[in-house]
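Here are a few exercises to work through with the model open on your screen. Try each task before you read its solution.

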Amino acid sequence: MAERSGATTTAAAAASGGSQPGTDLVAIHATGVTNLEGLENAKIDEELSVADNANLQSLTGLNPNNHVLRALWVTGNRRLSDLTGLEMLEAATSYIYILDNDRLVSPSGLDNLTSVPSLLIRQNPRLTNIAALGSLETVVQELSIRDNESLPTCQAQAIADQIEPGTPTIEVTGNYAGGTCD
């Protein structure tokens, strides 16, 4: 639960597209929520878009049966530090975009992700570790890990090196040139 203009708001109440079983799109945009509690019963069939939520600190609260999504968009959430709450996600059939999250330090929560056509991780200034993507095997179209100023380039390159050969676009640039990799 979160405060929004003096009223209590849940993610279910804030979600456009609804929170009913079989929902195609769930969009949580510019709300006062701090987590996604209230969406425990929503089976998201297509897309989850979580953008520009100034108070969002956690993605916990999603239905644990959402193993495959068409798309995931997590952008502009200033207080989000990781992606905990997405542990159930094993694949996306279109894309995953993780962009412009000021306090994101890790994609922890995507630990079970194995396959996605396009994965973009860009402009997350405090991102320091992407080891949570260790299960990722297949990126069909595009892998872009760029402009994450605190992320050691060697970590980004290690993720690029672990995916199966054949991805036409792999972009690892603009990350931190220093740092260490284990």
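**Exercise 1. Find how many bridges join strand 6 to strand 7, and then look at the other neighbor of strand 6.**

Step 1. Strand 6 and strand 7 run parallel and are joined by six bridges; strands are DSSP runs of E with at least two residues, helices are runs of H or I with at least four, and both are numbered from the N terminus. Two strands pair if DSSP finds at least two bridges between them.

Step 2. Now turn to strand 5, which pairs with strand 6 in the parallel sense over seven bridges. Here W73 has Y97 in strand 6 as its bridge partner.

A note before you go on: this is a predicted model, where local features need pLDDT of at least 70 and side-chain atom pairs count only at pLDDT 80 or more, while totals for chains, interfaces and linings use all residues. Residues are numbered from 1 along each chain as its sequence is written, and side-chain values use heavy atoms, with hydrogens and water left out.

**Exercise 2. Decide whether N124 is buried or exposed, and list what it touches.**

Step 1. Locate N124 in the loop between strand 7 and strand 8.

Step 2. N124 counts as buried because its relative accessibility is 0%; buried means under 20% relative accessible area, exposed over 50%, and partly exposed in between (1.4 Å probe, protein chains only).

Step 3. Leaving out residues up to four places away in sequence, N124 touches I98, L99, D100, N101, L104, D147, N148 and E149. Contact means heavy atoms within 4.5 Å.

**Exercise 3. Identify which residues touch the most other members of the largest nonpolar core.**

Step 1. A nonpolar core is a set of buried Ala, Val, Leu, Ile, Met, Phe, Trp, Tyr and Cys residues joined through side-chain atoms within 4.5 Å.

Step 2. The largest one has 42 residues, and L48, L59, L83 and I96 touch the most other members. Elements that each supply at least two residues of this core include strand 4 (44–51), strand 5 (68–75), strand 6 (91–99) and helix 2 (153–162).

Step 3. Zoom in on L48: beyond residues up to four places away in sequence, L48 touches V26, L62, L69, A71, L72, W73 and L86.

**Exercise 4. Describe the protein chain as a whole.**

Step 1. Count the elements: two helices and nine strands, in the order β-β-α-β-β-β-β-β-β-α-β along the sequence.

Step 2. Of the 182 residues, 47% are buried.
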